[in-house]
Amino acid sequence: MKTVLIGAGSDLGVHIDGAKFGPTQLMNDMKSTYQGEMITLSQKENIIKSRNLSDRRKNEYEIDQFNTKLYEIEVEQLKKGLFPITLGGDHSVAIASSLADSLVHEEIGMIWIDAHTDYNTFESTVTGNIHGLPCAAINGYKCNELRKFHNGNIIDPRKTVIVGARSIDNWEKDNIKYSGITVFTTQDLKEKGIKTVMDEAFKIAGNRTKSIHISYDLDIIDPEIAPGVSVPEVDGINEEEAMTILKEILEHIEEVSSMDIVELNPLRDIERKTEQIALNILATTIQKVEQEKGIKKFEKKY
Ligand SMILES: [Mn+2]
């Protein structure tokens with residue numbers, strides 16, 4: 001199956017600048033080897049970004065404008081039968097990429113790899129950074145303003161799994177408690193093992209769904225190893241564990257229809273460490289999807 005790279009260069013969802021440069025960085029690295037199409041959407045240069053911590057709806061209008069366009073691009077590419085890999089950008093871009101997949105494939109599950117649960121609402125958010133709300137918005141848990149462009153199914157919270165969480169705000173915990181989603185923490189990964197957690201995640205997200213959207217936030221990795229993210233959280237997993245999670249995803253690639261790699265912030269990176277890991281994740285995914293996805297089913301059939 002063919003992939004398409006969609007650069008979602010926005011950092012409007014967080015008061016820290018830099019994630020908007022993530023996609024261009026990765027696309028430059030891929031330029032000489034990648035055969036598929038690269039599409040880039042950048043946030044407008046002339047907007048005044050709000051970084052005010054007391055602003056609880058930071059850049060809401062601009063994020064909606066950006067995501068409306070991104071959603072149109074994603075839908076178009078999915079309808080062509082391509083596998084979109086969306087490069088962030090802060091995590092608010094996943095509202096567009098995941099819901100586009102939900103529109104095209106109707107019933108999908110989602111696996112959200114992240115140190116944060118991203119389950120805040122405009123009522124519960126402490127920072128007003130919208131990149132802390134996308135998972136709730138995608139699951140239809142309040143946040144209606146963030147998915148105005150979408151006229152299809154939301155992703156069922158009972159078919160949504162968060163993997164690697166270790167930073168959950170107090171009020172956010174209440175949202176999660178009543179939502180119906182499954183959360184595996186970083187601790188769960190260490191205690192139960194990555195394979196066990198990921199098998200369970202695929203079972204839940206794949207239960208009576210047509211396909212699965214994967215959203216991979218680089219801040220799941222420990223900031224000592226991957227410092228180039230906007231909101232780092234200590235005590236993360238190491239690079240080998242991050243690649244093992246990817247390996248498990250790729251084992252299930254037949255069930256996956258789209259993927260995000262988000263939150264690379266080149267302005268925060270040290271010696272391109274995070275960029276190299278993101279690139280490794282990206283290149284490995286492209287190779288697997290292009291060479292193997294769709295082939296196994298064919299073999300089984302005949
Ligand atoms: Mn995160």
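Helices (H or I, at least four residues) and strands (E, at least two) are DSSP runs, numbered from the N terminus.

## The model

This is a predicted model, in which local features need pLDDT of at least 70 and side-chain atom pairs count only at pLDDT 80 or more, while totals for chains, interfaces and linings use all residues. Residues are numbered from 1 along each chain as its sequence is written.

## Asn 153

Asn 153 is found in the loop between helix 4 (134-138) and strand 5 (160-165). A residue is buried if 20 or more other C-beta atoms lie within 10 Å of its own, exposed if 12 or fewer, and partly exposed in between, with C-beta atoms placed from the backbone. Asn 153 has 14 C-beta neighbours inside 10 Å, so Asn 153 counts as partly exposed.

Leaving out residues up to four places away in sequence, Asn 153 touches Ser 102, Glu 106 and Glu 107. Such a contact means that the C-beta atoms of two residues, placed from the backbone, lie within 7 Å. From Asn 153 to Ile 225 there are 72 residues in sequence and 38 Å in space, C-alpha to C-alpha.

## The sheet

Strands of a sheet pair through backbone hydrogen bonds, either parallel or antiparallel. Here 8 strands form an open sheet with parallel pairing, in the order 2-1-3-8-7-4-5-6. Two strands count as paired if DSSP finds at least two bridges between them. Strand 2 (38-42) and strand 6 (182-185) stand at the edges with a single partner strand each, so one side of each has no neighbour in the sheet. On average, neighbouring strands of this sheet are turned by 15 degrees against each other, direction ignored.

## Strand 8 and its partners

Strand 8 (residues 256-262) is mostly covered, with 7 of its 7 residues buried. Strand 3 (residues 83-88) pairs with strand 8 in the parallel sense over 3 bridges. Leu 87 stands opposite Ile 261 of strand 8, and Ile 85 has Met 259 of strand 8 as its bridge partner.

Ile 212 has Val 256 in strand 8 as its bridge partner. Strand 7, helix 8 (residues 239-251) and strand 8 make a right-handed β-α-β unit. Right-handed here means that, with the strands pointing away from the viewer, the path from the first strand over the helix to the second runs clockwise.

## Helix packing

Two packed helices are described by the angle between their axes and the distance between the axes. Axes are lines fitted to C-alpha atoms, for helices over the stretch in contact, and angles run from 0 to 180 degrees between N-to-C directions. The axes of helix 1 (residues 22-30) and helix 9 (residues 273-292) come within 10 Å and cross at roughly 60 degrees. Helix 1 and helix 9 are therefore oblique to each other (angles under 35 degrees count as roughly parallel, over 145 as roughly antiparallel, 65 to 115 as roughly perpendicular and the rest as oblique). Gln 25, Leu 26, Asp 29 and Met 30 of helix 1 make the contact with Glu 275, Ala 278, Leu 279 and Leu 282 of helix 9.

The axes of helix 7 (residues 194-205) and helix 8 come within 10 Å and cross at roughly 35 degrees. In this pair, Ile 194, Lys 195 and Met 198 of helix 7 meet Glu 241, Thr 244, Ile 245 and Glu 248 of helix 8.
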